[in-house]
Amino acid sequence: MEIFLIVLVVIGALIFIATAAHLEKKRATELQSLASSLGLSFRRAVDSTADERFARFAMFRRGRRRAAWNTIHGALSLGGHEIEIEMGDFRYTVESGSGKNRKSRTRRFSYLVAHNPIGECPETIIRREGIFDRVAGVLGFDDIDFESDEFSRRYHVSSDDKRFAYDLVDPRIMEYVLETDPPALELDGGLLCISDGRSRWEAEEFQGKIDWVGGFFERWPRHLANSMADEGRSGDDS
């Protein structure tokens, strides 16, 4: 009886591994098809450099054995701009316990990183409001509030430069975010990252994220773009 149970466990484990491998292969095929339809490159193999290239975003610095895979890369015409993007899956390993009780767990999430065609930005984060944000607000560590009560209730906004955040999140951007409810987005330097850092998107969801990026840059406030361009020219002159 004991041997029979062991055999059942082994068979179950093999079925689980085979099913997982089949689903991963199917996902890679779907993402490769998406990349081909967009004229972009696709790389299924592991890329161990993504955590360094995107180190400015905290989600890429978590844990150990960090790596990207199923990577789609290239330039697209989005929102009236030619934008270089990279998107795919990312994983890292976290460890807990010690000695014989030490355990490792691999976490995976999907992401889209776009080069900002407008210019360099201070670190600015827009994400859904959470219970800990509300607790922090009670303690006096509030996020940036805006004229729209609905937007301020639903989204947490933080920035190294509050003036920039107020200029960026104008009524058009607020309306767009409220209507589309994107995953967390973060601007830092010349990059925009979209990801909640926790979950993987279905293959068909990647196209939706690309479209969202185009809509976001299309609605970028013109006065802010102009002031960023002026600052860029001033920096070049100096």
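**Chatting through the cores and Glu-186**

Trainee: Which residues touch the most other members of the largest nonpolar core?
Mentor: Ile-85, Phe-151, Val-213, Phe-216 and Trp-220, out of 47 residues in that core. A nonpolar core here is a set of buried Ala, Val, Leu, Ile, Met, Phe, Trp, Tyr and Cys residues joined through side-chain atoms within 4.5 Å, and buried means under 20% relative accessible area with a 1.4 Å probe, protein chains only. Keep in mind that this is a predicted model: local features need pLDDT of at least 70, side-chain atom pairs count only at pLDDT 80 or more, and totals for chains, interfaces and linings use all residues. Residues are numbered from 1 along each chain as its sequence is written, and side-chain values use heavy atoms, without hydrogens and water.

Trainee: Switching topic, where is Glu-186?
Mentor: Glu-186 sits in strand β7, residues 185–189.

Trainee: Buried or exposed?
Mentor: Glu-186 is buried, but without a salt bridge (a side-chain nitrogen of Lys or Arg within 4 Å of a carboxyl oxygen of Asp or Glu). Arg-61, the nearest side chain of opposite charge, is 7.0 Å away.

Trainee: So what does Glu-186 touch?
Mentor: Beyond four places in sequence, its contacts (heavy atoms within 4.5 Å) include Arg-56, Phe-57, Glu-123 and Leu-191.

Note on methods
Helices (H or I, at least four residues) and strands (E, at least two) are DSSP runs, numbered from the N terminus. Buried means under 20% relative accessible area, exposed over 50%, partly exposed in between (1.4 Å probe, protein chains only). Lys and Arg count as positive and Asp and Glu as negative; His and the chain ends are not counted.
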